[in-house]
Every structure is written in structure tokens, then in C-alpha cells.
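I'm looking up one protein model today and jotting things down as I go.

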Amino acid sequence: MAFSSLTRTIRAEDNEKRLTCQAQHVAYPEGVSRTHLILTVNFQPQALPEQTVYGLQLGRTATVSVVIKANPAPRVLWSIEGMGYHQGTEQGRYAVPNPEALGKNRYNVSLTIAGLTLEDLSKVYMLRASNKIGTEVYRLELRSQGEVMNESNGNGIGEVVGLVLAV
């Protein structure tokens, strides 16, 4: 009798990969026996660097989206200046749809803000994604279209505030 063992640290990227075991012996038909297994790996939402969303238009409805990898699907909670907004809810100017499955354990998580204001650009947006394996927190900053042009010139929100006050 022969015995073989494989030890490997499983990572999130291993989910849905095919594991094959092959043995050779003259007694096997065609001299080879194979068996396959598709790995199912459960993992917490994966970390991302701080996100900045550019190009939002003041006065318009803005949708902020983040793609999160997790298995099983995450439950999400947006926190804006200490107020919590759960997935599948709409409160005041904020709407949080349920995460949209994109396939391959990727989920589009979004927040919609009706009538984006200059004040909205100075708020802190935190996204908490959780599943039965764990939790990850993401931090987002919002930038208007004007800020994109100003930041490329080395200017920031001060010029946007100045422009709004001058108009």
C-alpha cells in the first residue's frame, strides 16, 4: 500500500480551482487512475486600499461603487458621519442596494446619494462588509469633477469652495 500527502496553505484565490490526484500502476486501466475535486474556499471580504471616487457632479445623483471579493456573499453597512445605512434600505438622500453578484466571488457594493452637495464631499464614508468568516472595513473619499481638474494642477478642495463662493 502506498500513501502520499499534500500540505498547502489555502488562499482566497484557490476557490473553484481543480485539484487532481493521479496515481500510476500497471494494474490500473491504461496504467493511470485520476480523481478530481473542485475546491470551495470560504473567505472573509478581502482588504482594499483606501478608495477615492472621482468625477462626481454637484447637484446630481451620485452612485459610489466598490467591488469586493468574498465567499460567502457579504452583508454591508455604510457609515456616513456616524450614521449607519444597511443594505437594502433607503433613508433620506441615501440608498444602499443589496450587493450585486458579478461572478467569481466578486460583488458590486454601492451607495447612491441624491443631490450631491459640497458638504457631501467633506464627509467620511466607511463601508463595513461582513460574512460568517470575518469583516473588513473600507474607507472612501468623494471628489467632484472640478476637483479632478484642480488636483491635477496641485490644487484641492479649497479652489472648489472658492469657485462656489465666487459664483
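I count a contact when heavy atoms lie within 4.5 Å. With that rule, and skipping residues up to four places away in sequence, I find Asn108 touching Ser65, Val66, Val67, Pro99, Glu100 and Leu102.

Ground rules: this is a predicted model, where local features need pLDDT of at least 70 and side-chain atom pairs pLDDT 80 or more, while totals for chains, interfaces and linings use all residues. Residues are numbered from 1 along each chain as its sequence is written, and side-chain values use heavy atoms, leaving out hydrogens and water.

Next I looked up the layout. I get two helices and twelve strands (DSSP runs numbered from the N terminus: H or I of at least four residues for helices, E of at least two for strands). Asn108 sits in strand 10, residues 106-113.

Is Asn108 buried or exposed? It counts as buried because its relative accessibility is 18%; buried means under 20%, exposed over 50% and partly exposed in between, with a 1.4 Å probe and protein chains only. Of the 167 residues in the protein, 31% are buried.

Last entry: leaving aside neighbours within four places in sequence, Leu111 has contacts including Trp78, Ile80, Tyr94 and Tyr125.
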